[in-house]
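The following note sets out several points for a colleague who is examining this entry.

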Amino acid sequence: MVSNMIDRVLSVRWFLVVLFTGSLWYGAQLDAPAAETDAVMPLPELRLSLKDAMDAAMGNNPTVKLFKERVEQAKAAAFTQLGTLLPNLSSNVRQSRQTFFLGTVGLTPHVTSPFSIFDARVSATQSLFSLSLIDRWRASREALKVAELESDTAKNDAMGEVGLLYMEVLRAQATVDAREANVKLLQELAVFVRSRRGGGMGTGLDTARAEAQLENERQHLTLARSEVERFKLGLINALGIQFDIRLVLTDELKSSVAHVPMLQEALVEAMQERAEVKAAKQRIKAADLTLRSTTDERLPSLVAQGDYGLIGNRMHNTADTYSMALMLSVPIFDGGQREGRISESRSLAQQELFKLAVVQNRVTLEVREALMTLDSAREQVAIARRGLEAAASEQELARERFSILSSSSNLELTNALFSLARSRDNAIDALYRLNAARINLARALGKMGEIS
């Protein structure tokens with residue numbers, strides 16, 4: 001009896017063990033696909049040169065797309081104005097049932113018996129002469145050219161913005177490289193100082209100073225890495241592409257500029273190439289044509305009209321009818337509305353002249369600033385290069401002195417490393433200013449498409 005009970009208990013125990021093990025296995029099988037799904041997939045890599053980035057901005061930037069749509073809008077407006085000069089055809093078909101009032105006999109009104117009318121007709125209208133309509137159509141064509149030039153301006157600005165953001169990322173990446181080099185040097189210094197202290201030639205102050213500077217530089221390195229990602233996000237946003245990519249820039253900060261035009265040569269090129277200047281001149285033409293079209297409303301206009309149709313009581317019982325007419329319209333007086341529109345158009349034309357002067361002044365200012373900044377940046381690059389060479393020499397001499405003289409402090413070497421780090425930062429800033437200046441100069445000259 002007892003043995004049977006023991007056997008039952010053991011059997012139940014083994015059953016529970018098997019059931020628990022099976023549940024664990026089944027749960028692991030259920031969790032396995034989830035674990036695979038939750039695994040982070042690597043982001044697709046996008047490698048861009050400066051030229052590729054600017055080309056991508058021309059096709060994807062939202063502002064550029066907006067101005068492209070404005071070009072389409074201007075095309076539609078020009079087509080609408082052209083339609084006022086072309087024949088206007090219309091047709092209608094009518095079947096009606098009606099009566100006519102014949103008057104009153106005594107006190108009783110009389111009407112006809114109900115009868116049917118069928119009328120099918122085609123009508124045409126053609127403007128034969130209207131200088132106002134012709135000038136409005138010409139003004140709409142000039143407005144289309146203005147929209148196209150404004151689109152070119154938006155492209156030039158978008159390329160300039162992307163180019164500057166590209167240089168910001170390159171500067172941040174160069175800063176990361178410099179910080180990593182600084183960390184490596186300070187790590188070597190910290191190891192060397194600790195070894196001297198172990199040999200009785202160093203002090204705790206030397207070790208603390210080296211470790212403090214090392215941790216400070218590590219903090220700067222972490223901040224520089226975050227700045228790289230932040231500037232990349234800004235560049236991706238300007239490109240108008242999705243953020244879920246790993247952006248890799250293939251170009252580097254250039255240390256020289258091949259050709260820098262003289263001031264007068266640059267100003268002439270800018271006035272000839274900048275789309276803003278061309279657009280301002282086209283606006284003047286469009287405003288003049290709009291003024292002419294309004295003034296031409298004073299002149300007579302000639303319109304031809306005609307229609308042809310079938311009319312009768314039923315569709316199968318009709319007769320041909322037609323009418324033709326020439327209508328001469330001679331404006332006389334409209335309460336002064338026309339003169340008010342003429343004055344308004346004349347003021348708008350005058351405003352466009354002032355706007356052209358504003359645009360030319362702004363272009364002149366941008367060209368002068370770009371050339372001045374570029375000259376300053378080139379000088380800064382030369383100074384920074386010499387400073388970096390001197391700082392590297394100082395660091396080598398301080399390291400040699402610290403390693404030879406057993407009683408010397410690492411303060412000189414620490415100061416030398418600080419000077420080297422500052423010289424690297426100065427060199428990076430100078431290179432960035434040089435590359436930003438050459439992009440600003442290309443934008444000021446209206447030659448962003450030639451930059452590389």
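1. Strand β3, covering residues 101-105, pairs in the antiparallel sense with strand β4, residues 108-111, and the pairing extends over four bridges. The model is a predicted one, and the points below should be read accordingly. Within this pairing, Thr104 has Pro109 of β4 as its bridge partner.

2. The connection between these strands deserves a look. β3 and β4 form a hairpin, with two residues between them. Gly106, which lies in the turn, has a positive phi of about 70°.

3. A further set of strands forms an open sheet. Its four strands follow the order β2-β5-β7-β8, and their pairing is antiparallel. The edge strands are β2 (88-98) and β8 (317-329), each of which pairs on one side only. From one strand to the next, the twist averages 15°.

4. Which residues have the most contacts inside the largest nonpolar core? They are Leu235 and Leu249, in a core of 45 residues. At least two residues of this core come from each of α2 (50-60), α4 (131-198), α5 (204-239), β6 (246-249), α8 (337-404) and α9 (411-445). Helix α4 gives the most, with 14 residues. In soluble globular proteins, nonpolar side chains tend to be buried together.

5. Leaving aside residues up to four places away in sequence, Leu235 touches Val162, Leu165, Tyr166, Val169, Leu247 and Leu249. Apart from this core lies another, of 24 residues, among them Leu267, Val277, Val381 and Ala430.

6. Is Ser423 buried or exposed? This serine is found in helix α9. Ser423 counts as buried because its relative accessibility is 12%, and buried means under 20%. Residues up to four places away in sequence not being counted, Ser423 touches Gly387, Leu388 and Ala391.

Notes. Residues are numbered from 1 along each chain as its sequence is written. This is a predicted model: local features need pLDDT of at least 70, side-chain atom pairs count only at pLDDT 80 or more; totals for chains, interfaces and linings use all residues. Side-chain values use heavy atoms; hydrogens and water are left out. Two strands pair if DSSP finds at least two bridges between them. Axes are lines fitted to C-alpha atoms, for helices over the stretch in contact, and angles run from 0 to 180 degrees between N-to-C directions. A nonpolar core is a set of buried Ala, Val, Leu, Ile, Met, Phe, Trp, Tyr and Cys residues joined through side-chain atoms within 4.5 Å. Buried means under 20% relative accessible area, exposed over 50%, partly exposed in between (1.4 Å probe, protein chains only). Contact means heavy atoms within 4.5 Å.
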